[in-house]
Amino acid sequence: EKTLNVSGITPLPPRETPPGVTPELPCFISRTLCNFTYGPTTLKVRVCEAEILEQTCMPTPPYTCIPASARCKEGGEIFYATDFVRIERSFPARVEYEYHIYVPCNKSYLIQPEYRHLRPKISPHCEWKGDWRAIKGNFVPATEPFASGYDFTFEPYDEAGPSLSIVVNATRPRPRLGEPVEVKVLGYDDRGITSIWEKVDLTFVDGSSRFGTWVNLTLVPGMEGSTAGANFAIRGRRIMQARITVKVCDYGGNAHELTRSISFGGCDDGIQNYGETGVDCGGPCPSRCMNCLGDLEVGENPSAYLYSPEHWDDIGFYATVALREYAVFHGIPLRELDTSDEYIDAIRWWVSRHMGYRGDDYNEICFNEMLGLNYHPRDYGHGDFYQRAYDTILFSSSCTNITNEKNETWSAPSDANKWFFGDCDDFSILTSALLRSLGVSSRCVFSAEQLGHAFNIVNYKSKYRILEPQFGAIMTDDYYPTNIWNDKIGAAAVYVGEGKVRPYEYTLNYPGCEGPSVRIYDGDFGEKTLWLDWNGWKDNVKVGVADYNSDGMDDIVACWYPPPHISAIYEEMSLYSTGSGFRAPEEDIPQTRAVEFEVTVGCGRVFVEEPGLPIVRYGDPSASGSCRRIEFLQGPSSERENGTGNVTVGRLLWKEKFSFDGDLPMVGDFNGDGLDDIIKFGSPRISGDVYVSLSRGNKFIWYNHLWHPEFCLDGTPLIGDFNGDGRDDIVCFQNGEVYVALSTIFGASEKKLWKDNFCFENDVPLVGDFNGDGRDDIACVRAQGENVKIWVALANLSHIIYTPSCNRCDVPIYHDTYWPDKCP
């Protein structure tokens with residue numbers, strides 16, 4: 001057998017042949033594999049040299065004949081194709097895989113796609129099962145040297161995936177250190193479970209970790225009422241946390257994966273263990289016993305220079321000024337400000353009152369070109385212009401008018417209370433330095449970083465919490481820190497790996513609490529009902545959704561775009577919803593310009609896109625009560641330094657490097673805070689990955705925050721609030737099926753099938769609240785000539801329930817820990 005890893009169609013090198021022998025020229029067999037959704041890494045195409053078996057008949061009655069057939073020649077050559085060219089089709093939306101196999105000419109061959117066994121690395125593969133239907137046949141005659149068109153369509157045996165559950169048997173909710181734990185995995189499927197895999201990642205009491213490898217467990221049919229189950233045990237004296245990942249495969253090759261964490265020891269066992277600095281507190285536990293005051297000495301970590309240790313007394317002087325001003329402003333005797341919590345209250349109030357935002361492009365020009373400080377923090381590997389705390393206080397206000405390289409000008413605000421200037425990093429550094437100079441411990445105040453933003457984490461009222469220094473607020477919003485640091489711990493290294501500290505190493509509130517778990521109850525769309533059947537449609541019509549007449553029910557708005565060679569103005573028509581149907585427009589259709597179409601639709605979901613121009617959406621990202629124009633400047637990702645990928649609101653830049661060619665951006669409120677955010681369904685669309693950037697009222701934060709992986713494969717994605725909880729959800733229309741992933745406090749939940757047999761090829765799916773019940777519904781527009789039919793399926797009631805497994809209040813989990821903390 002010969003295995004050829006083909007990645008393209010480069011010919012094989014010519015064979016060496018004896019003199020006088022005609023060489024066998026390389027020929028090829030090619031075409032596509034359709035309807036295969038299990039991943040190309042598990043697929044190979046086998047080509048064997050064929051031999052023909054002639055028809056044979058019995059010489060005696062009843063003279064039965066065996067027809068001629070082909071089979072793989074014994075001892076013949078065999079070739080494999082294991083690399084495929086991925087092709088994305090639009091109408092209908094689907095994925096095909098193209099194969100090319102080079103073979104010697106002048107021979108016949110048989111072709112057959114097969115399962116390719118792989119050693120599990122990242123995750124084990126389930127062995128898919130099904131039939132390959134050959135469109136042209138799987139026999140290639142010798143008379144066809146360049147054989148093209150040998151297509152195969154996959155017909156799976158089972159398309160419904162399995163379900164599973166993890167059962168942990170222990171003597172208490174949080175086992176003691178060293179206590180063995182038995183884990184049962186129960187799989188359910190109507191066709192049968194073929195395999196169960198497990199992988200356990202371990203974290204030990206000294207902070208070290210060990211990543212597990214995938215193990216194929218022994219199946220036990222019917223275990224505890226399941227289709228099949230398996231069990232295993234976790235044992236070890238030094239294990240602090242075990243992160244279990246299990247995967248089940250069903251008969252057809254479908255998979256379901258689930259993760260659960262188990263913590264050993266903890267903060268409620270009455271013993272000083274688990275890295276605690278006191279009994280059930282300190283270290284990774286709530287810091288009730290930890291004194292946050294009395295640490296006045298500046299450290300010597302790589303980023304300690306940002307705290308201006310050579311001017312430590314001056315930093316302390318300004319911190320005292322902050323305390324005095326806070327006390328006077330709030331009518332509090334200064335002597336009563338004597339706890340770390342009160343220091344945090346005073347400093348966060350003072351910094352937000354006296355510091356204004358100014359971007360790094362202006363800050364660097366101010367410090368080096370205008371003031372001649374010759375300061376270059378990039379020499380320390382930051383990838384950002386971090387200002388030293390004392391420089392922020394002493395120099396940042398010296399530049400009142402700055403022009404950057406783009407010929408844009410920054411001018412100092414007229415607010416006399418603004419004494420210092422810098423970006424989010426500088427807010428965070430100054431806040432940390434002032435608190436540290438007052439003696440707040442390095443274990444109680446940190447600068448924190450996530451891609452695109454910096455803030456603080458402080459130990460406030462006995463728990464670690466997010467402090468947003470620009471607002472002076474203790475936050476309960478969604479932050480996603482990747483690194484924490486101060487003068488004694490870690491390093492300011494958000495753009496480089498060296499020196500990073502995982503946040504939960506020092507800021508853990510409730511170790512081991514998984515949850516609150518998210519449960520989705522009910523949730524689907526009702527009966528598909530015809531709401532409009534009307535003769536009056538035209539070609540080149542674009543449709544959108546908006547409450548055109550402000551009656552609380554979304555309508556459908558359509559705009560007819562005449563062909564380029566016809567001199568005519570654009571026609572706009574509205575199909576008003578009655579709650580159970582759409583009213584056809586009157587014969588006298590008002591005519592307007594296309595720009596009016598965008599404006600009248602307002603914040604409705606309509607996509608007016610022109611090649612070469614920014615993608616335009618409408619929303620209210622600042623909660624101003626009015627719709628604002630949001631533009632996505634798309635282009636090749638290679639041109640991101642030239643402004644490609646930027647997002648503007650009005651004429652102001654709110655986000656850099658977000659959406660590029662092939663991405664589909666939209667606008668909606670995905671975390672329910674009343675501010676419209678931005679979302680993109682990434683390119684290539686077939687990956688299905690969905691990313692969100694949340695609004696902070698004056699900018700969008702997060703770079704490439706994955707909201708839902710592999711969501712809309714081969715489909716049309718849209719957004720809508722389908723359960724009426726104030727958070728926009730995501731929906732995918734795919735080959736008649738409608739999948740929904742509801743947005744939760746943690747991101748999008750697992751996608752579920754909410755409707756089938758709904759919207760097909762050449763139909764236009766829409767989303768809107770067509771009956772005014774507060775839940776978005778789905779519509780399907782089908783136009784054939786002058787006739788248009790519109791079907792609607794109304795959203796039924798659904799619920800999201802959060803159940804914290806550690807019996808705490810509902811708080812989000814980030815990096816294996818709870819914070820920001822919403823508990824009192």
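On the face of α1 turned away from its buried side lie the exposed residues Asp 313, Phe 317, Val 328 and Phe 329. The model is a predicted one. Helix α1 spans residues 312-330, 19 residues in total, and reaches 27 Å from its first C-alpha to its last, close to the 27 Å expected at 1.5 Å a residue. Its buried residues are Trp 312, Ile 315, Gly 316, Ala 319, Ala 322, Leu 323, Tyr 326 and Ala 327. Because they cover an arc of only 125° around the axis, they are on the same side of α1. The cover over these buried residues includes α2 (340-354), α4 (389-394) and α5 (424-437). Just after α1, Gly 331 adopts a positive phi of about 65°.

| Pair | Distance of ring centres | Angle of planes | Arrangement |
|---|---|---|---|
| Phe 367 and Phe 385 | 5.8 Å | 90° | edge-to-face |
| Phe 525 and Phe 722 | 5.5 Å | 90° | edge-to-face |

The pair of Phe 367 and Phe 385 links distant parts of the chain, 18 residues apart: Phe 367 belongs to helix α3 (residues 360-370), and Phe 385 to the loop between α3 and α4. Phe 367 counts as buried because its relative accessibility is 0%. Phe 385 is likewise buried, with a relative accessible area of 1%.

The pair of Phe 525 and Phe 722 also links distant parts of the chain, here 197 residues apart. Phe 525 is located in the loop between β33 (517-522) and β34 (529-535), whereas Phe 722 is located in the loop between β47 and β48. Both residues are buried. Elsewhere, one aromatic cluster is formed by Phe 36, Tyr 38, Tyr 115, Trp 128, Trp 132 and Phe 154.

Cys 732 stands opposite Tyr 739 in β49.

Lys 406 is exposed, its relative accessible area being 62%. Its C-alpha atom is separated by 9.8 Å from that of Asp 361, 45 residues apart along the chain.

How values were computed. Residues numbered from 1 in each chain as written. Predicted model: local features only at pLDDT ≥ 70, side-chain atom pairs only at ≥ 80, totals over all residues. Heavy atoms only, no water. Pairing = 2+ DSSP bridges. Helix = DSSP H or I, 4+ residues; strand = E, 2+ residues; numbered from the N terminus. Buried < 20%, exposed > 50% of the residue type's maximum accessible area, 1.4 Å probe, protein only. Expected span 1.5 Å × (residues − 1). Arc of directions from axis to C-beta. Contact = heavy atoms within 4.5 Å. Phe/Tyr/Trp six-rings, centres within 6.5 Å; stacked < 30°, edge-to-face > 60°.
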